[in-house]
Amino acid sequence: VDARQAALSMIDRLRRGDRVSIVSYSDDVRVDVRSTVISKHTRRTIKRAIRRISADGSTFLSGGLEAGIRETRRHLRGDHANRVLLISDGLANRGVTAVSALNKIARAATQDGIATTTLGLGADYNEDLMTAVANHGGGNYYFVERSEDLASILDQELDQMMATVASGATLELSLDDGVSVEDVYGYAWNRDGNRTVIRLGDVFAGQNRAILVKLRVPRKNGSKTLGDFTVLYDDMTSGGERASANARADIKVTSDRELIRRNRNDEVEARIGEIELATQMQHAAQMAQEGRFEEAQGVLHDAKFKARTKGASLGAAGAGLVGSAGQVDGLIKQLKAAPTSQKEKKTFMKRSKRGAYKLHKK
């Protein structure tokens, strides 16, 4: 009931001229509303179709995702935000169920400028799968713990879509000899020789992105050019034309600890602290899944202390890290009650992983 009401509210918020399609999936897939332009008449028709949808059967998630992408692809426009919202309250158990294969479906859609956002309802869906699809699809991931929260989350997603100024954004790194990428935190990426592509998805007006990349460079002291960093995107303010911005990056390799300290970037240090905190939150979630609640509490206590200490040492740049550390308190409190039911364990894991996801994506 709450999911249906949330969908109806979202349809009310869409503007005349927007397009929407509705796809439902269970044992099979049904296109309840083909891609349709919003008008006074079609708005009523779409809402009637939503009211007829009911929950039953299996979870043919891949079929629903592919049908949603097909409907979106039928009327692509470069100056519009093109997005699939994939909602699930269960485990994918029909059609394609492998995470890597689902990632490939979402990743292929981004080549056409279609982003995929995933929303997991309740405690019984696979949060790792839904997070991965969102990352590869260039969208967002949400854990909807209470069905009554779905409407506000859909509002948030719609607000972002309406504020989109660039779509299909990627960050491409063409690195010099000897320089390599070890990891990219919070974003799907692939490497081809000395070229690395990081998928950023859509960018909204006024938004700042902090992309943390771990690089390995030769240990020889002296100045070193890392390579070229290029942002590519569809500029929605100019009809969806492909645009780019490029910069070269240089560093100085040194073993002089004092020189390193003086040139420390406090914002980068704070970002590293957030990633470290997120990693420990994921570790605690895994421990809780195995019933190791006291160990998980210890991990979170240590992570919170380290994050607060580091944040305080960074002054104003560390304020966000200190705030993020405070959010761990709720997880620790939940663990103290020693979750007993499967639902409580699953809910803790999803809360912890969602918190980690938000820190990775910050």
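I started with what an angle between helices is: axes are lines fitted to C-alpha atoms, over the stretch in contact, and angles run from 0 to 180 degrees between N-to-C directions. The model I looked at is a predicted one.

**Entry: two helices**

I looked up helix 3, residues 61-73, and helix 4, residues 99-110. They pack at an angle of about 5°, and their axes lie 11 Å apart. Angles under 35 degrees count as roughly parallel. Helix 3 and helix 4 are therefore roughly parallel to each other.

Next I asked which residues make the contact. On helix 3 I noted Leu61, Ser62, Leu65, Glu66, Ile69 and Arg73. On helix 4 I noted Leu102, Ile105, Ala108 and Ala109. I sorted the residues of this contact into seven nonpolar, one polar and two charged.

Three of them form an open sheet, in the order 3-4-5, with parallel pairing. Which strands are at the edges? I found strand 3 (82-88) and strand 5 (138-144) there, each pairing on one side only. From one strand to the next, the twist averages 15°.

I followed the pairing of strand 3 with strand 4, residues 114-121, and it runs in the parallel sense over seven bridges. For Ile87, I found Leu119 in strand 4 as the bridge partner.

**Entry: helices on the sheet**

I checked what packs on the sheet. Helix 5, residues 127-136, does, and it touches strand 3, strand 4 and strand 5. The direction of helix 5 makes about 155° with that of strand 5. Helix 6, residues 150-162, also packs on the sheet and touches strand 3, strand 4 and strand 5. For the direction of helix 6 against that of strand 5, I wrote down about 165°.

Definitions and conventions: Residues numbered from 1 in each chain as written. Predicted model: local features only at pLDDT ≥ 70, side-chain atom pairs only at ≥ 80, totals over all residues. Heavy atoms only, no water. Helix = DSSP H or I, 4+ residues; strand = E, 2+ residues; numbered from the N terminus. Parallel < 35°, antiparallel > 145°, perpendicular 65-115°, else oblique. Contact = heavy atoms within 4.5 Å. Nonpolar A, V, L, I, M, F, W, Y, C, P; charged D, E, K, R; others polar. Pairing = 2+ DSSP bridges.
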